[in-house]
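Here's a quick tour for anyone meeting this structure for the first time. Have a look at the picture below, then read on.

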Amino acid sequence: MHRYKFVLTRPVQFLPVLFGISVITFILVRLIPGDPARNILGTRATPTALANIRAQYGLDQPIWLQYFYFLKNLANGEMGKSILYKIDVLPLISTRIEPTLTLVLASVVLSIVIALPMSAIAARNVGRAPDHAVRIVSTFGIGLPPFWLGLMLIILFSVQLGVLPVSGYGSSLGDKLAHLVLPSLTVALSLSTVLTRSLRSAMVEALKSDVATAARARGMPEGIVFWRHVVPNSLVPTINLLAVNIGWLIGGTVVVESVFALPGMGQLLVRAIFSRDYMVVQGVAMTFACATVLVNFIADIVTVAVDPRVKL
Amino acid sequence: MTKTWKSIGLAALLAGLTLSASYAEAAGVLTIGRREDSTTFDPIKTAQNIDNWVFSNVYDVLIRVDKTGTKLEPGLAESWTASDDGLTYVFKIRDAKFSDGSPLTASDAAFSLLRIRDDAASLWSDSYKVIDTAVATDPHTLTIKLKNPSAPFLSTLALPNASVISKAGMEALGPDAYAEKPVASGAFTVEEWRRGDRIILKKNPNFWQADRVKLDGVEWISVPDDNTRMLNVQAGQLDAAIFVPFSRVAELKKDTNLTVLIDPSTREDHLLINHAHGDLGKKEVRQALDLAIDKKAIVEAVTFGQGTIANSYIPKGALYHYADNLQRPYDPEKAKSLLAAAGVSKLTLNYLIRAGDEVDEQTGVLLQQQLAKAGITANLQKVDPSQEWDMTVAGDYDISVNYWTNDILDPDQKTTFVLGHDSNNNYSTNYKNEAVKDLVGKARLELDPKKREQMYVDLQKMAKDDVNWIDLYYSPYINVARKNVENFYQNPLGRFFLEDTVKN
């Protein structure tokens, strides 16, 4: 069981990481030119109204004091108040987690469903036509901008065929699933290309491995060799690749959420940045940071579980 | 394995069923797509159109602006009288109820006006400082005393931010809960607010004009992407969408299922000039700039012919607009000679642009070419929209295109901001003309409409002569609706008259 000791010790390392992220996002968001108070008031701003807003949200305080209040709030389980929405940041974020989380999960599942057969075809036909075909499709997939791909999918499936909703999230489970098909497909089509490449090379390696040779020597049919020995052995690097890509994946949802009008964290973040809603930007950034750290932690656990040789 | 597949199949079937159920939209519920979600339902805490436009459906005001956007009409105030000195107003409050069934009285109205004036969280305090006292003399009579006479006072009561809120409701719920689900007296009530997604409104049976409302409900749905929003209406999943980009009008007009609605607005796009920067302080130089700009070309290229050339800072269709105001012709040669006469040989300007704003960027390229023909060099500086506004306010620019839409029917608000030497340096232009300043102040106090109109005509002439800024174009609200939607209309101040809208 000592192989799993890191499960207890690793979380201690998270604290300085998250602290660093909180300092950086706090300073970065204040370094962008633009004034939240002026943003809220727009063109009708009067000096008294501006001063009033700045005082209400503590924006007239020195930056180190603002950071102190931020930490103090965090210790109390609060994230401050949004200047744009005039409510606490925490409830604002909590309703937005579900759409983003389900979008990310659906995208990952869908991209594995796409990548596994693609890489299997390529790996079992190395250097031959199917391999080249998969490579060409992958390159094409990386090149497609998600906002364009999303719109094309909407035009095909929702406007022309009328089988799926154009955008939005829905309220019941089935409704939500229907609304997630196109956005997660949009993300999966680009994510699966990255996965396919990694899986293919891992499979090619595993096909040449001693385990596979030994299995073939025992007279095992190639298909069984492949699915029983090659595929499990090529999963480890892919799990880590997925974990590394989680930050990129969350970033990608920002665009996809806008195109598909999903009421998730990405959309919240975009509007918060444009209106310089400091507290919301910090809150969302911290949530994303925690999610990334957590996913990498889980990936480590899974890696250790899948491959008995790995020690962390 | 087979069991798993069975359950997946069942889930898919279930999904299909709910899907088709959600497609069969509720009859009489109008779904409208817009760019952003609301931020609050507390009227005093926002200055954004996106909020105000929904307030008009949920709250009622003492005095309303009519469909043409040029006249005031009774709202919760059935009638009103003003004393001869213009200091005392007495309003008769009609028999009306809040959405919770409680009666709406003059003390609710007084509470609302004092709240927007005094509450620390109010963004509108300065606009209501003119109110000295607001007292409910009896449940149906509201008496307001002003600190000084004010011609625009009545029209400020029509601002959605001055909506009548329930005193008891506010005290019972507290401002935070009230801002989520208010007790109001408008045509619709807030049934549910799914933040970031939609606001679900239901017909308010207690609305004093409930007979007028044909819809069972309204859903304001946020769809930030312009393309997706249009596709939703084209696919029939939304009944209507607002904020149609100029570039999409021609294409949408071809779709036989849709009606493109073009309603006059009070939006005016203008070129700000920083008078404090070098030669731009000279009137002749600014006149030369006006002559060097081909407004017709901008209207054609940028608004796809949807806009009209502007000749005054008071937009066409708005109160006291002066139709015969000077319209300088496009004449780059004359501009050159004017510049030469002013002793300006090489004019180089820093032109501030909002990055990512398609219309602003396009206008910038066009203006740059036009100015070059008059020998003026414009260096385009693209910055983030929020930063652009900060730099404008700080006077860190030479020229920049900006726009204004009226909140109230009366021209005083815009005039004060633009010409009145208010705290904002005349809309960050640093324009100074004492005669204009005095007239702005006098026009605010003049209670005789005839005399007042003449004052605003004079102001429009003086501003044009001085070239406080350059009026570019007026543009309409462009919305799109399915053919089965009737009376989907926005007045020039942006109010949607959803109480008259029908969905067949």
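## Chain B at a glance

Let's start with chain B, which has 18 helices and 21 strands (DSSP runs numbered from the N terminus, with H or I of at least four residues for helices and E of at least two for strands). Its radius of gyration is 25 Å, close to the 23 Å that the globule rule gives for 504 residues, so chain B is as compact as a globular protein of that length. That radius is taken over C-alpha atoms, and the rule is 2.2 Å times the number of residues to the power 0.38. Along the principal axes, the C-alpha atoms of chain B fill a box of roughly 85 × 70 × 35 Å.

A word on where this comes from: it's a predicted model, where local features need pLDDT of at least 70, side-chain atom pairs count only at pLDDT 80 or more, and totals for chains, interfaces and linings use all residues. Residues are numbered from 1 along each chain as its sequence is written, chains are lettered from A and ligands numbered from 1 in the order in which they are written, and side-chain values use heavy atoms, with hydrogens and water left out.

Of the 504 residues in chain B, 58% are buried (under 20% relative accessible area; exposed is over 50% and partly exposed in between, with a 1.4 Å probe and protein chains only). Take the chain B contacts (heavy atoms within 4.5 Å) with a separation of 6 or more: 69% of them link residues 24 or more positions apart.

The accessible surface of chain B is about 19,400 Å², and carbon and sulfur atoms account for 54% of it (Shrake-Rupley method, 1.4 Å probe). As for charge, chain B has 57 positive and 69 negative charges, whose mean positions are 3 Å apart. Lys and Arg count as positive, Asp and Glu as negative, while His and the chain ends are not counted.

Most residues other than glycine have a negative phi. B:Y427 isn't a glycine, yet has a positive phi of about 55°. You'll find B:Y427 in helix α16 (residues 425–428) of chain B, and at 1% relative accessibility it counts as buried.

B:N487 isn't a glycine either, and has a positive phi of about 55°. This residue lies in the loop between β20 (485–486) and β21 (502–503) of chain B, and B:N487 counts as partly exposed, at 44% relative accessibility.

## The domains of chain A

Chain A splits into domain 1 (7–75) and domain 2 (94–306), with bounds from an automatic or database domain assignment. Their C-alpha centres lie 33 Å apart. The contact between them takes 19 residues from domain 1 of chain A and 14 residues from domain 2 of chain A.

Conventions. The place of a charge is taken as NZ of Lys, CZ of Arg, CG of Asp or CD of Glu.
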